[in-house]
Amino acid sequence: MDFATMIIKHNYAFNMAEHEFFEIFCSNLQPMFKLVSRNTCRADVLNVSEIEKSKLYSFLDELSCKMTLTTNIWTSDHQNFGYICLTAHFITDNWELKKKILAFKKIEYPHDGETLFRFIKDLILEWNIDKKLFSMVVDNATSNDVMVRLLKSWLKEKSLLFSNGALFHVRCTAHILNLIVQDGLQIIVSLVSKIRDSVRYLKRSPSGKQKFNLAVSQLKLNGLKKVPMDVPTRWNSTYEMLEAALPLREAFARLDLIDKNYDHNPSDKEWEIATIICECLKVFFKATCHFSGTCFPTSNVFFPEICKIQMQLNEWETSEYAFFFFWRKFFFSFF
């Protein structure tokens, strides 16, 4: 079972057992050791999974504490399948903060509230934790609202919820902040696109990258971190892109002078706005990092972080830039 455990731990492919030079490597270590086939390896992995699942079931069954569930859905780009993950968070009898993934399964379409409810309900019954639930943390989506409402009603009928379920539905604060920031960024999408196009140009043009590196060297900006390409749907990556690009604004300006094919350089005014945006995003980024922590309690940092954001938004209220208005408007509509 050690080989199967290694496959699980390091996410190796099952056919690793049939790789020619891995077989040679093992044979040189111990000629009498016989590697299994990929099918046997797959069966061993499933066996290890069932053993660990049984251990976790017994462990959860003996817990005297309440637990919180979180769930999310991903869609595979290659397979176009939906997968749902259900995670339990709890504090053990020894006051240790723990999280355990209870399921990572394919879920059939449609991903509406009733389908999610039936799916989550079956998992709760499978793990026999219906009497241990305290709350459910989910993204701010309509389907999740329906799912939690049905789940709450089902548990209330069995009189299993603390305070009659008043504290059961918890909306993910990190996701709410994500929605707020994304709405604000839509106002300045053209500016962000210029910096994004600049980074894309460096990645797609070897000549442009070479000239940019020359500009960096001439301006003695060596040692600064490279500008990462952001993912437009993930504002935190946009923040990281801006944070890395701003110290290199002079290099982009120099590139604009020496490379006739580069025409994405923001104006001085746009760079100034980008600096302001980056400072704003930093406030949200730090709060999101705190809210998204899994190795420490986050409830104690929630209120102070929200207060910090509110105070910052109040300072921005008199700004001439429209995105401040939208961030303030959406923030107070949620909190």
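## Cysteines and surface features

The number of disulfides, each being a pair of cysteine sulfur atoms within 2.5 Å, comes to zero. The model is predicted, so local features need pLDDT of at least 70 and side-chain atom pairs count only at pLDDT 80 or more, while totals for chains, interfaces and linings use all residues. Residues are numbered from 1 along each chain as its sequence is written, and side-chain values use heavy atoms, leaving out hydrogens and water.

| Cysteine | Closest cysteine sulfur | Distance |
|---|---|---|
| C280 | C278 | 9.1 Å |
| C289 | C172 | 13 Å |

C280 is buried at 2%, and C289 is partly exposed at 42%.

S159, with a relative accessible area of 65%, is exposed. The loop that holds S159 runs between α5 (142-157) and β5 (169-171); helices (H or I, at least four residues) and strands (E, at least two) are DSSP runs numbered from the N terminus. Between S159 and D268 the C-alpha to C-alpha distance is 63 Å, at a sequence separation of 109 residues.

F104 belongs to strand β3 (residues 97-107).

Note on methods: Buried means under 20% relative accessible area, exposed over 50%, partly exposed in between (1.4 Å probe, protein chains only).
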